[in-house]
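Trainee: I would like to go through this structure with you and ask, for each label we put on it, what the label rests on.

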Amino acid sequence: MNSKSIAVLLSTTLLFTPQSVLSWVSGKMHAAHHGYPDYIPRVFGINGQDCTPDTGDFPAMCPEVGMSISEAGKIQCTHNFDCCTCGTMYCGPDCSQLMCNGDSSCHGVQGFVLEGNAPVGTDINCNGDLSCMETRLWGTNIAHIGCTGDGSCAYSQWDVTCVSSGCTLACVGDDSCRSELGMPQYAALFVVRNSLGFICASHACQWGTYSLLSNLGGKAVCGAERACQGATVNINNIDSLGCNAMWACGNATILVLNPQNGFSVSCNGFQSCKGMTLEIAVTDPSITDFLDIACVGPEACADLKVTITKVIPVNTVVKAPASRDLTIGEITCGGALSCQNAVFDLGSNVHVELCGCAGGNTRACEGLLGIDSCMQGLEKMECVGVNGCANMMEAISNPADNFKLFCADPFSCENLVLTVKIDDHALAPSFLGGVVCAAPNACKGLRFFIINTGTNRVNAGDIFCNAPDACLGAAFVVRQADISSVTCAAGACPEYECSTFTDNQYQPCLDFKATATAATV
């Protein structure tokens with residue numbers, strides 16, 4: 001492949017924008033200098049990267065800035081700053097190895113093309129600190145991707161296809177493969193085909209984007225502090241997602257398509273998955289069961305947002321043991337505040353067998369929404385902010401005594417449908433705290449149900465409509481329970497537009513009397 005072909009390939013195959021001349025900015029990693037030699041002239045690569053060698057460093061490759069390298073079998077940049085000054089680097093068509101062992105070796109090269117020979121393929125080894133940083137690389141038939149040096153492969157944009165047996169994206173050096181938050185010129189984007197999962201060390205995949213949508217198996221491992229914090233990950237066909245350190249997946253956005261049967265999610269560490277958005281989408285009827293989602297550290301899954309769907313086209317023939325349903329074995333909230341305010345949005349055919357919430361004063365499942373069995377013992381449901389719980393449909397089983405729905409802001413509970421289920425369980429409440437609609441239109445269109453199938457009748461508490469139109473169109477429906485009172489501020493309960501039903505007996509909110517005999521609806 002000649003230099004013209006390489007230039008065309010890089011401009012058409014990679015969907016990346018070349019970086020402008022690099023500037024020295026606060027927060028960005030710099031060249032790997034050890035006692036900066038003032039008397040050595042500064043050397044910059046073709047893209048503005050610092051390639052100045054230290055005393056005792058003798059880089060041999062590309063002695064002139066912008067030189068090109070073309071090798072059939074392997075490229076070895078073994079010294080500190082080796083290949084930093086190269087323009088384009090081509091290895092193929094039988095490339096076995098790219099080795100960037102020196103600190104800052106291969107730094108800033110925007111024209112990497114690697115062509116391995118199947119099935120052996122090419123090994124990519126960026127072992128030096130800051131090696132392969134700020135690179136732009138295209139590769140095919142890649143057998144190994146190793147970014148082992150601290151800062152190696154950071155701020156890079158790679159588009160590679162592994163050999164047919166797959167390869168793992170291994171960002172195992174601290175700060176390797178990462179982006180810089182709020183600095184698009186230092187964005188990391190890795191597109192890996194035929195991958196075998198990925199592994200990220202401390203801060204290694206922080207804020208970057210990683211697309212592995214023809215994945216062949218393996219695991220997604222964010223195994224150290226802030227390993228995948230803020231990352232965007234799209235991946236399929238993995239057996240597990242592990243976020244096993246403080247903030248390992250905090251605020252990350254992760255899409256998992258058709259994971260394997262027995263798939264599990266582990267959030268093991270302080271705030272390890274706090275604020276993460278996780279979407280799991282299944283379209284394969286043979287995928288029928290997941291093992292668990294385990295949140296076992298303090299605040300591990302606080303503010304987590306999970307969407308799990310299984311959608312099989314109607315005309316698809318599904319034969320056992322395949323199924324249109326999906327079963328999750330267990331949701332575990334095993335630490336203090338571990339699932340606080342987590343939201344689970346599960347498809348109608350997605351079922352959770354067991355939910356375990358730590359007891360005592362851990363408040364492990366406080367404010368958790370979306371999984372009925374996780375919400376036993378819930379003390380209150382508070383909807384804060386405009387449209388905070390608007391248009392949601394939730395069910396709660398056996399909340400704590402004095403459980404209360406509190407709708408604090410305008411439209412905060414608009415069109416919310418909340419069903420409170422009570423039975424003869426040992427945790428079943430004997431009385432509830434009612435509903436507070438504290439702002440204009442706070443409970444507009446609310447549907448509040450108490451369905452008591454237990455032996456003992458339950459006091460449902462008081463309903464307060466405290467602002468104009470606070471309960472416009474609301475309906476409060478209780479069975480085997482009694483509403484103590486309904487209080488309506490001026491204009492809060494427009495006539496005939498706020499209703500109560502006690503065992504099918506109708507009363508308008510404005511005329512509610514706890515002891516009245518109402519007409520049967």
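The conversation below sets computed values against the definitions behind the terms.

Mentor: Keep in mind that this is a predicted model, in which local features need pLDDT of at least 70 and side-chain atom pairs count only at pLDDT 80 or more, whereas totals for chains, interfaces and linings use all residues. Residues are numbered from 1 along each chain as its sequence is written, and side-chain values use heavy atoms, with hydrogens and water left out.

Trainee: How many helices and strands does the protein have, and what makes a run count as one?

Mentor: The protein has 1 helix and 34 strands; both are DSSP runs numbered from the N terminus, a helix being H or I over at least four residues and a strand being E over at least two. The C-alpha trace spans about 95 × 55 × 40 Å along its principal axes.

Trainee: Why is W158 called buried?

Mentor: Buried means under 20% relative accessible area, exposed means over 50%, and partly exposed lies in between, computed with a 1.4 Å probe on protein chains only. W158 has a relative accessible area of 1%, so W158 is buried, and F190, also with 1%, is therefore buried. Across the 521 residues of the protein, buried residues make up 53%.

Trainee: What makes W158 and F190 an aromatic pair, and why is the pair called tilted?

Mentor: Rings of Phe, Tyr and Trp (for Trp the six-membered ring) pair if their centres lie within 6.5 Å, and planes under 30 degrees apart count as stacked, over 60 as edge-to-face and the rest as tilted. The rings of W158 and F190 are 5.3 Å apart centre to centre with 55° between the planes, so they pair and are tilted. This pair links distant parts of the chain, with W158 in strand β8 and F190 in strand β10, 32 residues apart. Ring pairs also join W158, F190 and Y210 into a cluster, and the structure holds 6 aromatic pairs.

Trainee: Which geometry do Y155 and Y186 show?

Mentor: Y155 and Y186 form a tilted pair, at 5.5 Å centre to centre and with 50° between the planes. Y155 sits in the loop between β7 (136-147) and β8 (157-162), while Y186 sits in the loop between β9 (167-171) and β10 (189-193), 31 residues away. Both Y155 and Y186 are buried.

Trainee: Why is N236 called buried, and what does its side chain lie beside?

Mentor: N236, in strand β14 (residues 232-236), has a relative accessible area of 16%, and therefore counts as buried. A polar atom of the N236 side chain lies 2.8 Å from the backbone nitrogen of N215. Leaving aside neighbours within four places in sequence, N236 is in contact (heavy atoms within 4.5 Å) with L212, L213, S214, N215 and L257.

Trainee: What makes a space a pocket, and what volume does the largest pocket have?

Mentor: On a 1 Å grid over the protein atoms alone, a pocket is an open set of points with protein on both sides within 12 Å along at least five of seven lines, whereas a cavity is a set where a 1.4 Å probe fits but cannot get out; lining residues have an atom within 4 Å of a point. Of the 40 residues that line the largest pocket, the closest to its centre are C365, E366, G367, L378 and E379. The largest share of this lining, 4 residues, comes from β24.

Technical notes: A polar contact is a pair of N or O atoms within 3.5 Å; within protein, one must be able to donate a hydrogen and the other to accept it, and residues adjacent in sequence count only if both atoms are side-chain atoms.
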